[in-house]
Amino acid sequence: MAKFDLVFEGGGAKGMAFAGALEVLASRGHRARRLVGTSAGAIVATLCAAGYTPEEMLAAMAEERAGRPRFLDFFDTPGPGDFSVEVRTRSLLGKALRSIDLPWIPAALEEDFDRLLLTALLRQAPFARFFSLVECGGLFRGEALAAWVAEKLECKGIPGWISFEDFHRTTGTGLTMVAADPADREMLILNHRTAPALPVAYAVRMSAGIPFVWQPVRWRDEWGSYRGRSKAGHGILDGGLLSNFPLRLLVEDTPFLRSVMGGGPPEPERCLGLLLDEELPVPGVPPPPEDDPLWEEIPLFRHALDLLAMWTAAWDRPALRRFEPLICRLPAKGYGTLEFAMDKVRRERLLAASRAAMTAHLDRRTGNLGRAA
């Protein structure tokens with residue numbers, strides 16, 4: 001039996017593969033010591049830290065409501081009430097409406113007419129998503145994702161909106177996730193040392209905030225500071241912008257990393273990275289359904305995700321090359337980052353491939369497990 005520091009790569013819906021790998025890890029008696037993740041990896045790391053077994057995690061990730069995958073709820077189209085007066089006023093459409101003179105409407109009523117017209121338009125889902133993308137940076141709100149994480153914490157007897165500091169005190173686990181702050185051009189390493197008052201559920205939402213898909217999360221005053229610096233009002237985005245596979249946080253030794261991650265010198269032999277490898281095929285996997293509704297608006301997003309993968313490679317690649325023996329590559333070829341409507345057959349094939357990959361990886365590392373115990 002060994003205790004590992006686990007690192008989970010970001011990958012959206014492909015993160016389902018982690019449940020299969022964790023099943024094998026648990027079946028051999030191994031446990032997690034510290035947990036680090038980005039985006040989908042942040043979700044899995046949080047569920048692990050909250051005490052979910054691999055089977056419970058898989059059930060949560062495959063959950064359905066009225067015959068529809070629960071994860072599809074995360075694509076929550078905003079309504080008129082979700083846009084503040086400030087956003088409406090400074091919007092391009094708001095400015096355009098104010099600049100148009102409608103001669104058949106008295107000047108005193110034009111402002112009311114403009115407001116009612118914009119409200120009516122925002123009740124139409126396609127327009128609301130477009131407005132949200134242009135004015136708020138993402139098609140969907142993403143509040144449903146934060147609420148789902150809070151719900152899953154409550155299922156384990158943990159307050160849904162618990163802060164990092166209280167979560168660490170309650171669970172005794174070291175949970176870290178990565179997000180990005182474009183305003184300060186900074187990678188955020190979020191845990192109980194760096195952002196103690198930040199709710200864990202919103203940290204997950206930040207880390208998983210794929211640009212253009214979900215709106216950035218605006219850091220609130222009540223969430224305190226990040227490493228002693230205010231982030232109030234900053235729009236926080238997906239950690240995959242800067243590090244989609246944050247292995248370096250656990251294997252490199254710098255004063256900065258010691259300050260944010262704690263502990264003494266790195267112990268690479270304890271580290272196990274779970275990487276979603278899009279070059280490794282999944283045996284026997286059928287193609288995705290052509291009528292999957294999530295893919296109707298995806299060309300823009302797929303391009304953006306390709307750019308993210310390219311941008312993050314520069315920071316992550318040195319650790320990938322140097323510490324390849326610590327990495328378990330989980331096959332994920334042919335699976336989409338936004339394939340949250342994954343059918344049962346494709347899901348089972350993905351899980352089977354991840355179980356086989358973890359089995360092979362642990363077999364290779366058997367000789368080192370005693371030193372990692």
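Predicted model: local features only at pLDDT ≥ 70, side-chain atom pairs only at ≥ 80, totals over all residues.
Started with the residue classes in the lining of the second largest pocket: seven are nonpolar, three polar and eight charged.

Of its 18 lining residues, I have Asp82, Cys136, Gln215, Pro216 and Arg218 as the closest to the centre. Then I checked which elements supply at least two lining residues each: helices H4 (85-90), H7 (125-136) and H10 (200-207) do, and so does strand S9 (217-218).

Moved on to helix packing. I took H1 (residues 17-27) against H3 (residues 54-61) and got an angle of about 170°, with the axes 9 Å apart. Angles over 145 degrees count as roughly antiparallel, so I put H1 down as roughly antiparallel to H3. The crossing of H1 past H3 is left-handed. On the H1 side I list Ala19, Leu22, Glu23 and Ala26, and on the H3 side Pro54, Glu55, Met57 and Leu58. That contact has six nonpolar residues, two charged and no polar ones.

Last pair: H2 (residues 40-49) and H8 (residues 143-155). I find their axes within 10 Å, crossing at roughly 20°. The cut-off for roughly parallel is under 35 degrees, so H2 and H8 go down as roughly parallel. H2 passes H8 in a right-handed crossing. From H2, Ile43, Thr46 and Leu47 meet Leu145, Trp148, Val149, Lys152 and Leu153 of H8. I sorted the residues of this contact by class too: six nonpolar, one polar and one charged.

Methods. Residues numbered from 1 in each chain as written. Heavy atoms only, no water. 1 Å grid on protein atoms, 1.4 Å probe; cavity = no way out; pocket = protein on both sides within 12 Å on 5 of 7 lines; lining within 4 Å. Helix = DSSP H or I, 4+ residues; strand = E, 2+ residues; numbered from the N terminus. Nonpolar A, V, L, I, M, F, W, Y, C, P; charged D, E, K, R; others polar. Axes fitted to C-alpha atoms, helices over the stretch in contact; angles between N-to-C directions. Parallel < 35°, antiparallel > 145°, perpendicular 65-115°, else oblique. Left-handed = near helix turned anticlockwise from the far one by under 90°. Contact = heavy atoms within 4.5 Å.
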